[in-house]
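Good morning, and thank you for coming.

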2 protein chains.
Amino acid sequence: MEIKVVKQIMEWNEDVSAQVRAELSSHNICLINVMGSPGAGKTSLTMKIIEALRDKYRIGVIEGDIAGQIDAETIKGMGIPCVQLQTQGACHIEAMSVQHMLPLFDLDGLDVLFVENIGNLVCPAEFDIGEDFRVALLSIPEGDDKVVKYPLMFSTCDGIVLHKYDMLPYFDFDDKRVEQDVLDCNPKASLFRVSSRTGEGLEAFLTWLDGKIAAKVKG
Amino acid sequence: MEIKVVKQIMEWNEDVSAQVRAELSSHNICLINVMGSPGAGKTSLTMKIIEALRDKYRIGVIEGDIAGQIDAETIKGMGIPCVQLQTQGACHIEAMSVQHMLPLFDLDGLDVLFVENIGNLVCPAEFDIGEDFRVALLSIPEGDDKVVKYPLMFSTCDGIVLHKYDMLPYFDFDDKRVEQDVLDCNPKASLFRVSSRTGEGLEAFLTWLDGKIAAKVKG
């Protein structure tokens, strides 16, 4: 019987992520892996980050999607170098994909590269893509049980954004419970309450992000 | 170099899904595969279905989660036979898992078995678990671009529930656009606008669901 292997070879990914990390470090580029559910607001938050930090850092974006290029067009419209990665059905981004896309950027002209991962709380968390750190979004409408239900995502990230925070009054979402769940599984993670729509909480998040980026870029 | 194969053998799944389908058919049980993003409201909708149809059909539930058993406890609290499947990190449910769980139910005492799949718009759509039909949820807060971004999920399902529809005034969500996207990729699918919280749109959805179940159970 023929055996079709349709997914992932993990060791190989580890080798390639080390190569990506080395190449980006040689250019002093900070790679940020942005993850979250479909519709958690990854693109909206990325746009707010770009607006706030584009005068300080030279920013590029890799937009990961299974199909289409809606988000890449949005980011390009801001005048930011952006490449769309279409995974053709795959549920996550691997280091090899990032490696293949680096030549499409002028690496000497970049300080920060954001990778907006596939909308998925599960698989992307398994793959080191060569990032310096991870930001995981959890939007209020998704519910307050997600840290417990998707432990790998929330235990491996450096920053957690409770996004669409302006929607709190309309949903049964206990953010103290989420805070405790994060403390239990990932006490080193920084937690932020943010609305990209109203701007609430953005400043604290951006200050943290700026500090993380500066440590790499100037280091 | 050792090669670790960490995911799926598709042909094997096809064999097993046929076995699951045959076993359930021999008991006149209808299997419904319920899918959607994390937090789309799969459990809330399942509870509304149970409330409405429990006097007509004998219902069982398989709750799929990566970790925990929050949802299974909720369903069991309604007095419904329910088994929690913990996938230990896996991003979808396979037919073999369903097959292994069937002996945990009294199959002669069931008409309908709901499988609440892992919260994920990508991977679950790839796997036939032996279902009679599929229901995909898309909640309003996720945004109106999801049918285009996650084409396999929305092109392989039989019914689509635009869930949390009472939240429409608070989000930039063009439901006419979604309707057109569904027509483009899956014109046979039935589309429903539903709020499990307010009850809006539930009746039309339940009428459709009842018809689909009756065709199997009485057929």
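I shall speak about a sheet, then about rings, and then about a few single residues.

First, some conventions: this is a predicted model, in which local features need pLDDT of at least 70 and side-chain atom pairs count only at pLDDT 80 or more, while totals for chains, interfaces and linings use all residues. Residues are numbered from 1 along each chain as its sequence is written, chains are lettered from A and ligands numbered from 1 in the order in which they are written, and side-chain values use heavy atoms, with hydrogens and water left out.

Let us start with chain B. Helices (H or I, at least four residues) and strands (E, at least two) are DSSP runs, numbered from the N terminus. Two strands pair if DSSP finds at least two bridges between them. In which order do the strands of the open sheet stand? There are seven, in the order S3-S2-S4-S1-S5-S6-S7 (chain B), and the pairing is parallel. Strand S3 (82-86) and strand S7 (190-193) of chain B are at the edges with a single partner strand each, so one side of each has no neighbour in the sheet. On average, neighbouring strands of this sheet are turned by 20° against each other, direction ignored. Axes here are lines fitted to C-alpha atoms, for helices over the stretch in contact, and angles run from 0 to 180 degrees between N-to-C directions.

Within the sheet, strand S5 (residues 133-139) and strand S6 (residues 159-163) of chain B pair in the parallel sense over five bridges. Leu138(B) stands opposite Leu162(B) in S6(B). Helix H7 (residues 175-185) of chain B packs on the sheet and touches S5, S6 and S7 of chain B, where contact means heavy atoms within 4.5 Å. The direction of helix H7 of chain B makes about 165° with that of S7(B). Helix H8 (residues 202-217) of chain B lies across S1, strand S4 (112-116), S5, S6 and S7 of chain B, and runs at about 165° to S5(B).

Now to the rings. Rings of Phe, Tyr and Trp (its six-membered ring) pair if their centres lie within 6.5 Å; planes under 30 degrees apart count as stacked, over 60 as edge-to-face and the rest as tilted. By this rule there are nine aromatic pairs over all chains. One of them, Phe192(A) with Trp208(A), is tilted, at 5.3 Å centre to centre and 50° between the planes. Phe192(A) lies in strand S7 (residues 190-193) of chain A and Trp208(A) in helix H8 (residues 202-217) of chain A, so the pair ties together parts that are 16 residues apart in sequence. Both Phe192(A) and Trp208(A) are buried, a word that stands for under 20% relative accessible area, with exposed over 50% and partly exposed in between (1.4 Å probe, protein chains only). Ring pairs also link Phe133(A), Phe192(A), Phe205(A) and Trp208(A) into a cluster.

Most residues other than glycine have a negative phi. Lys164(A), however, has a positive phi near 55°. Is Lys164(A) buried or exposed? Lys164(A) counts as buried, at 14% relative accessibility. Asn28(B) also has a positive phi, of about 55°, but is partly exposed, with a relative accessible area of 39%.
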